[in-house]
Amino acid sequence: MELDNRIRKLQDRLSYIRDIFGDKENANIALLQARLDEFLTQERGMSLADQMRHMAQLEDLFLFLEKKLDAQLTPMDRVRIVRHPARLCLKDILENVYDNYTEIGGQDEYSIDPSMLIARAYITRRVGKRVINQPVMVIGQEKGHGQEFRNGGSVKPWGNAKALHYMKVAETENIPIHSYVFTPGSYPIEDYPGAAQQIAKNLFEMASLRVPFVSVISEGGSGGAEAIALSDMRLMLSHGYYSVISPEGAAAIEAKTRQGERVAPELIAKCARQLKITAADNLAMGYVDKVIDEPPLGARVDHYDFYKTLRNEMIKATNQVILQVKGMKLFRSLALSERLARKGQAVDAEEVFVSWNLSSKARENLVWKRHQKFRRLAQTAYMDTRTFGEKVVGRFQGLAWAMNSYFRYEFLRKHQRKIKRLQEELEAEVHLVRNKVGKPIRAVMDKFAGGRPQTVSEEAKTSLTQLSKWDDKGGLSNGKWVYTSPKAKEDRTVTCPNAETHGCLDLWAPDLFGEYAGVCGYCGHHFTMEYQWYLHNVFDQGSIFEFNGQIESGNPLGYEGFDERVAEAKKKTGLKSACMTFESRIENLNLVVAMLVAPFRGGTVGAAEGEKFVRAVERARRKHYPLLAYVHGTAGIRIQEGTNGVIQMPRCTMAVQRYIADGGLYLVLYDTNSYAGPVASFLGCSPYQFSIRSANIGFAGPGVIKETTGVDIPPDYHQAHQALSRGHIQGIWDRREARKNITQALLTMGGRNLYYR
Amino acid sequence: MSAAHKVLVANRGEIAIRIINACRKLGLGFVAVHTREDMHSGHVRHARTHGGDGAVYRVSSYHDANELMAVADASGATAIHPGYGFFAEDFRFARRVVKRDRPLIWIGPSWGVIRELGDKINTKRLARRLGVPTVPGSDRPIYDEMEAEELAQSLFAFQADQGFERHLVLLKASAGGGGMGIEEVERMDTFRSTYRRLRNYAKRQFQDSGVLIEQRIFDFNHLEVQILGNRRGDAHVHFGTRNCTIQSTGRQKRVEVAPGFAPGELTYGFDAGKVLDDIVEYSLRIAKEVGYNSVGTWEWIVTPKGDPFLMEVNTRIQVENGISGAISKINDEGPVDLIKEQVRCALGEELGYSQDDVSFDGLSIEYRIIAEDPSNRFTPWVGRIDRFAWEEQPWLSVLTHVPTDEPYDIPTEFDPNLALAIVKGKDLAEVKARGVAFLDSLVLAGEDRAGQSLKSNVAFLREKTANILEF
């Protein structure tokens, strides 16, 4: 009986290996198969002792070859490991890593989103003579071992909303959060809320979550992973992957396939390799803090030893996060230090007791540490062509602004206000006295005048007939825009796409793209316009001062052939990255603008764009300027930069969160197609988002939705008015009125710390 | 002038006929267009008679610029005359005509001029800059409540001063249009609440809270000055004034008289001769400033006290240009065909005469004969005209696209204007008598689908003839 079990186990292991390595020919696998077959044919004739002995040998062989195979794993094999139904799941972790837990926020299929699992769990242990109970909030995607209703760990927006809700609960209860990322990516549905909208909200809230947060990544698919992984300590399972996009998705984009077409498996494997998605790669780039070693060929449900390792690591990580902000740490941090540990023997975190309660000051500190941690990431993934001297000057300049702002807005303004208030009081007094004293005199005067109609002053009369002063021209000077699109120079007619339904007549291109600013005069359909149009027609003339222009997009992963493509984009657009940051004025109000420019590789965000954005936010914060993110268009995160791009989601969001918390005004304006990562993070988190009528806003484009969910979406699925009804954006603007509306927004929205408030 | 020029007549009805005639006088080719509904209109017949089948094209709409351009290209037209209405004052169309890859000559003021004078605020500011009187009121959007109140107060005072019976201040959302965002205020007491309501409405509706503070004058005479400029816009002559005070309830002109007043024969409460001279001088001042380079009409309001105010400039040939031509002579030759002069100048010819060569003689009245019911708020009548005839006279010219020898169905798509009758006389008494004589001789009968007989404004016109030019 026992033997049968062991045989079955070996058979399972073999079929698992076959699953992982796919169709690849491998001598080791063949050998295992041959040995197992041989054993099965010979077993009948053997005595029990022989059988056992052979079995043990066979098992040793399996172990040996598994280790050997482990070393041969390609990134694509790792992808297959994390997707295998035998892979350990969050439920298994809850059972085996924690001592007691209660699932909250739904049970099995009876949940608002069964793919997001929340549990209140306890870690109970004995340290010395004390028994300590430490509660944590466990959040993570549950793939279930093949359970259909789990949707493969692909979380819907309301699942992420649920996660956020319980993070807030943990914050209230002041207990640490452990999150486990087991997701191929978020479910790209636009509902109430939309996928991007909810992830952005999650990121924004997590940026200021005042409890220790440790996350573990097994399968980290882009936005879905970020939604619960913005943490103080990011661990990664050694056989997991963490990537900007699934290798299949990347390959589909690379091959430019149309819907329904299949991509060659070789290309998928190549993409998986080039995207640097493995734990080791991510550790090297610094996007995870530590890698937890798994058993050969990845941890499966029955690897009980691994749960112990995981538990140990989780306790240790939580302890470390807490100790870095705790006032009274004494020797305990030393006890956890790897350097002091005896060689070859890992520190047993179970033996170290660190209280997981944090004072409110420590909690502030924790958030600040988290900001710093993310701020430092991805610093080598972009090209900075500034000289050393320029860099130093840049540093000082930032400091100078901060000091200047402090004096002007904190120090001086306080006194100014006091004086002003006093002045007002005095004026009111004088007015009162004058009114009282003058009343009888006026009464007498009125009597003499005797109800004569009010006379009109000469001055008022001339105002009726003389030319008055008027210097309002806006972006339109003498009926002409400052900048005219090159499209307005062709003599051709353009048919509005709504012509059939709205009866629009054909428009003459010079009218449409010139005076009408690309808006159909009959139905108001917005044709897309170049980013230069906004640059020159929205902002005050000659007020644009670009900064950080020397930060350039590069090819941090050494992605094959990408250097040429970036160089080509630079040549074609004359830009250095897809993000243009500049200071400008509208109606004489200073503001900092970060513009995502669609012609540069689709306006995708990579390390350079993220860094420029973060610096623009910091500049706006230091100078107390409002900040406008002008999204001319963005296709998402630049996949060829891999996790260097993904990490910009939390990085930029944190910068924005800090800016908003400091009382700034963060305004986002979408213009054309705005999709994926950026919308699901630093753009989508703004409380003031608007769109030009030409915008499409969403998480994934129609093609990707069809590909991943199999659902056909209606053509207006991503249109601006849908985003408006989902509450993602706050308003839709006519392009010709962008300037007017931005001015209005600058005057009426945002925090109290702006320089002109 | 090269005979190679071919004019696309982008209009219908009597103006199309007049343009075709002007082209024929100048020896130019022409192309007429018509819609399906207008198939039997007189202008199509006229074009076919004088230009053959090749001179007539069918379009789906007179409003479709693309189709007109296609017709111009297909027919080899080199110039385009918009007539009045449709594209006549559309600067975008005018711009497209001259800026396209195959440019055409635009017979009308250049697009820059149309744009400049098409914007009423701009015209008002231009006039004020040149010291030309305009209707008292704001010449820019007002954003400040105190300022708005002050303006309104002065306007009420002005109206009291002029002795108007009804006082009315108009508030208009400056970004509005098409009758949206206009409020009337009769008393200062209600001004503030109305102003705020309109301002908030404008802010919501047009994202701009600017309000224009203007007034409505009820008791006034409507005068016009006819101006012609050469292609370069540096030589201008005027062809006298017109009085268009007799209008329907919807403020549509019904009877026009040239000249604007008759100071020799009637007495006015002010110096009418000086008013006429003034408005001509003011109009020319603006024309010179903007370099006006075609025919145009400056519209004036004259109050009972004799104060003229510029209302607007119509940058096109007008319906009533015939009466100005009728009383004018160039080098003692008359009448003057203003459309011919316009086409001639547009093609680059010099005027060839100065103001001193233009003389005026007698009076002229134009009647607009329209199938409508003056007793019922001038409601249009639509049906079939069976008989349409009048007595020909040497002092009379009738411009019509309605055939006189066969029944004609009035198309419902356009305004039911049937004919223009221009009567000429040497003095007021004669021209009035001839006008009445013409109207009496006019036979106009028809029936609509319901069997009702035709309704026209002939009686209304006759009644109004009695006291024309009196004020």
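Which residue is the bridge partner of Gly140(A) in S4(A)? I will come to that after some ground rules.

This is a predicted model, in which local features need pLDDT of at least 70, side-chain atom pairs count only at pLDDT 80 or more, and totals for chains, interfaces and linings use all residues. Residues are numbered from 1 along each chain as its sequence is written, while chains are lettered from A and ligands numbered from 1 in the order in which they are written.

Helices (H or I, at least four residues) and strands (E, at least two) are DSSP runs, numbered from the N terminus. Two strands pair if DSSP finds at least two bridges between them.

Now the strands. S2(A), residues 116-127, pairs with S3(A), residues 130-141, in the antiparallel sense over 12 bridges. Val127(A) has Arg130(A) as its bridge partner in S3(A). To return to my opening, the partner of Gly140(A) in S4(A) is Tyr180(A).

Next, helices. H2(A), residues 27-42, packs with H3(A), residues 48-71, at an angle of about 170 degrees, with the axes 10 Å apart. Axes are lines fitted to C-alpha atoms, for helices over the stretch in contact, and angles run from 0 to 180 degrees between N-to-C directions. H2(A) and H3(A) are therefore roughly antiparallel; angles under 35 degrees count as roughly parallel, over 145 as roughly antiparallel, 65 to 115 as roughly perpendicular and the rest as oblique. Residues are in contact if their C-beta atoms, placed from the backbone, lie within 7 Å. Among those that meet are Leu32(A) and Phe39(A) in H2(A), and Leu58(A) and Phe62(A) in H3(A). By class, this contact has 9 nonpolar, 2 polar and 2 charged residues. Here Ala, Val, Leu, Ile, Met, Phe, Trp, Tyr, Cys and Pro count as nonpolar, Asp, Glu, Lys and Arg as charged, and the others, Gly among them, as polar.

A second pair is H14(A), residues 360-375, and H23(A), residues 648-661, at about 135 degrees with axes 9 Å apart. That makes H14(A) oblique to H23(A).

Last, the two chains. Their contact takes 25 residues from chain B and 21 residues from chain A. On the chain B side, H7(B) gives the largest share, 7 residues. That side divides into 7 nonpolar, 5 polar and 13 charged residues.

Notes
Contact = placed C-beta atoms within 7 Å.
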